[in-house]
Amino acid sequence: IELNGTSSQTVPHGITFKNLYLNNTAGTNSAGTLNVNDTVKVLAGFLNIVSHTLALGTTGYLSEINGAVRGTTGSITATRTLTNPFNVNVAGLGATITSESDLGLTTISRGFTNYTINGSGSILRYYNISPANNTNLNASLTYHYDNTELNGLNENLLSLFRSTNSGTNWSTIGGAKDTANNNITCNGINAFSYWTAAVNPLAASITITAIVDALYNTSNNTLN
């Protein structure tokens, strides 16, 4: 099914789609859970799932060609078996994983919560990565985001943050930024959990003086 037009449309729910193509510059909205077995393509505009779920299961894939999926408390979910994954963008959700270990059956959720971290907000994207094997992974994660999700934050000061208690508390992880391609990469991950991006407090506090003095490297959140 393809929804196209120039005024807002609502995606029918309560059915399972093979393919769902969204080609509406005014945007499309979900009124309930969407189940897709093959491909969701955002060709123009956006898909706002609001508080609902976009379920891709074990076979569905998301392709955000010229737009993105957004929401409030909803999420996009997918499940895959990951065996020694190498640069696998799982179900097209934007979490690219490499690991020397087998992660086994892995569920990934992508949501839109604005988490409070160090007294400020996060960008409007998080990943909850839950593999069957979640120890000694020696994995890397490339966390992709969309410019519409920056939530007013300075992209050059972003850092990855990790939570092991469902988003209640967050630890600064860092990561190498690629602002041209909207992603942050972190290596040496031994276990997955919740991940989001927010302003690194170290970068925010020293950026004015240290960057001028060429002491702080904003690309990887480290001192030179």
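1. Let's start with Leu 54. Ignoring neighbours within four places in sequence, Leu 54 is in contact with Leu 34, Val 36, Val 40, Leu 47, Ile 49, Val 69, Ser 75, Ile 76 and Thr 77. Bear in mind while you look around that this is a predicted model.

2. Together with Leu 56 and Phe 192, Leu 54 is one of the residues with the most contacts inside the largest nonpolar core, which has 44 residues. Which strand gives the most to this core? That is strand S4, residues 34-48, with five residues. There is also a second, separate core of seven residues, and Tyr 115, Ile 117, Trp 170 and Ala 198 are among them.

3. On to the rings. The structure holds five aromatic pairs. One of them is Tyr 126 with Tyr 194, a stacked pair with 5.6 Å centre to centre and 15 degrees between the planes. This pair links distant parts of the chain, as Tyr 126 sits in strand S13 (residues 120-131) and Tyr 194 in strand S19 (residues 194-199), 68 residues apart.

4. Are these two tyrosines buried or exposed? Tyr 126 counts as buried because its relative accessibility is 11%, under the 20% cut-off. Tyr 194 comes in at 16% relative accessibility, so Tyr 194 counts as buried too. Ring pairs also join Tyr 126 and Tyr 194 with Tyr 115 and Trp 170 into a cluster.

5. The charged end of Arg 70 sits over the ring of Phe 46, 3.9 Å from the ring centre. Phe 46 turns up again below, among the contacts of Thr 28.

6. Now the largest pocket, which holds about 290 Å³ of space. Its lining takes in 18 residues, and Glu 64, Arg 125, His 144, Tyr 145 and Asp 146 lie nearest the centre. Strand S6 (61-64) and strand S7 (67-70) are the elements that give two or more residues to this lining. The largest share, four residues, comes from S6.

7. Ser 109 is a handy residue for seeing how the parts meet. Ser 109 lies in strand S11, residues 104-111, and counts as buried because its relative accessibility is 15%. Not counting residues up to four places away in sequence, Ser 109 touches Ile 76, Thr 77, Tyr 126, Tyr 127 and Asn 128. Ile 76 and Thr 77 are also in the contact list of Leu 54, and Tyr 126 is the stacked partner of Tyr 194.

8. Thr 106 lies in strand S11 as well. How buried is Thr 106? At 0% relative accessibility, Thr 106 counts as buried. Beyond its neighbours within four places in sequence, Thr 106 is in contact with Ala 78, Thr 79, Arg 80, Leu 82, Ile 129, Ser 130 and Pro 131.

9. Leaving out residues up to four places away in sequence, Thr 28 touches Leu 3, Gln 9, Val 11, Leu 22, Phe 46, Leu 47 and Asn 48. The C-alpha atoms of Thr 28 and Gly 74, 46 residues apart along the chain, are separated by 15 Å.

10. Last, two asparagines with backbone angles to look at. Most residues other than glycine have a negative phi. Asn 136 has a positive phi, near 50 degrees, and lies in the loop between S13 and strand S14 (139-144). Asn 182 also has a positive phi, about 55 degrees, and is placed in the loop between strand S17 (176-178) and strand S18 (183-189). Which of them is buried and which exposed? Asn 136 is exposed because its relative accessible area is 63%, whereas Asn 182 counts as buried at 13% relative accessibility.

Terms used
Residues are numbered from 1 along each chain as its sequence is written. This is a predicted model: local features need pLDDT of at least 70, side-chain atom pairs count only at pLDDT 80 or more; totals for chains, interfaces and linings use all residues. Side-chain values use heavy atoms; hydrogens and water are left out. A nonpolar core is a set of buried Ala, Val, Leu, Ile, Met, Phe, Trp, Tyr and Cys residues joined through side-chain atoms within 4.5 Å. Buried means under 20% relative accessible area, exposed over 50%, partly exposed in between (1.4 Å probe, protein chains only). Contact means heavy atoms within 4.5 Å. Rings of Phe, Tyr and Trp (its six-membered ring) pair if their centres lie within 6.5 Å; planes under 30 degrees apart count as stacked, over 60 as edge-to-face and the rest as tilted. A charge sits over a ring if NZ of Lys or CZ of Arg is within 6 Å of the ring centre and within 35 degrees of the ring normal. On a 1 Å grid over the protein atoms alone, a cavity is a set of points where a 1.4 Å probe fits but cannot get out, and a pocket is an open set with protein on both sides within 12 Å along at least five of seven lines; lining residues have an atom within 4 Å of a point. Grid points are joined across faces, edges and corners, and a volume is the space filled by probe spheres set on the points.
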